[in-house]
Amino acid sequence: MAELTSVRLEPDISLAPVSFGDQLKTGEMTTAQFLATAVELGFTAVELCDRTVREPSTVAAQLANLGLRMPSIALRNDFTGDPESSRASVSHLRHWLEVAAEFGCRTARIWTGWQRSDAVARGQVTEALDELVDSARMSGVALAVETHGGLSNEPAFLAELCDRYPREHFGVCIDFGNLPAATRREAIAAIAPLTTHVHVKSHEFTDDGVEAGIPLAWAIETVSKHGFDAQWVIEYEGAPPYKRGIDLTVATLRGVLGRSERHADGERLR
């Protein structure tokens, strides 16, 4: 399959730093280098996180200079530990919602946490979100809880949360690769109607450009059928060469959405 580096991608397709493995964590790649590479690959949007935006004013200037947008930001938190740590997570997210608003983000990806999934944890998650959804309303940045293990991988619990809060301020960030393989299709089908943000996860592609472990095209189509019209964030988490993995993930997405003639996984759309 031909690479897509010459294609300028639509603004609803973003690139996440995790697509380059641990290079940003180790310092092998800087945030500025990641942004430049995103432009090289044709992206017009990126999704940074609260660890890669160390100096918001500097990053904002870099984005502007490269003509990049950041419609979403990934924030880290855990509401399922002890009450003190849960309150600290609430404070952390409140601060970053203000930062996200300054960047013009529409969505902030958050987590429920993974330390516990008992009744106490459920109560702490709900209590924290009761506060934060109001902060989201005031900031204009909606919250999207990512399927990232623990309670966030339970479709029934996510549905309860989505029933509790207005959709314009709260929804689910579905990450296809973070759901257990044995129940992945069932979970995606259940979560698709709740989805307001997508992490298009991929790990490995065959020589024919088909994701080897995740029914990627099927998952994208399943979410799309429910009228999803927000951000698709590319997260290739496989081995190098990273640019090839990113290109193939983008090709699959655009193929399913009918934006190119290439369709990396057509056989699985039956």
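Predicted model: local features only at pLDDT ≥ 70, side-chain atom pairs only at ≥ 80, totals over all residues.
The crossing of α5 past α6 is right-handed. On the α5 side, the contact involves Arg-122, Val-125, Thr-126, Leu-129 and Asp-130. These meet Phe-157, Leu-161 and Arg-164 of α6. An α-helix has 3.6 residues a turn, so residues three or four places apart point the same way.

Helix α9 covers residues 242-256. Its 15 residues should span 21 Å at 1.5 Å a residue, and the C-alpha atoms at its ends are 22 Å apart, which agrees. Of these 15 residues, 13 are buried, so α9 is largely enclosed by the rest of the structure. After α9 comes Gly-258, which has a positive phi near 75 degrees.

The cysteines remain. A disulfide requires two cysteine sulfur atoms within 2.5 Å, and by this rule the count is 0. Cys-162 is in no disulfide, its nearest cysteine sulfur being that of Cys-173, 12 Å away. Seen from Cys-173, the closest cysteine sulfur is in Cys-162, and 12 Å is too far for a bond. Residues under 20% relative accessible area count as buried. Cys-162 is therefore buried, at 17% relative accessibility, and Cys-173 counts as buried at 0%.

Key. Residues numbered from 1 in each chain as written. Heavy atoms only, no water. Helix = DSSP H or I, 4+ residues; strand = E, 2+ residues; numbered from the N terminus. Expected span 1.5 Å × (residues − 1). Buried < 20%, exposed > 50% of the residue type's maximum accessible area, 1.4 Å probe, protein only. Left-handed = near helix turned anticlockwise from the far one by under 90°. Contact = heavy atoms within 4.5 Å.
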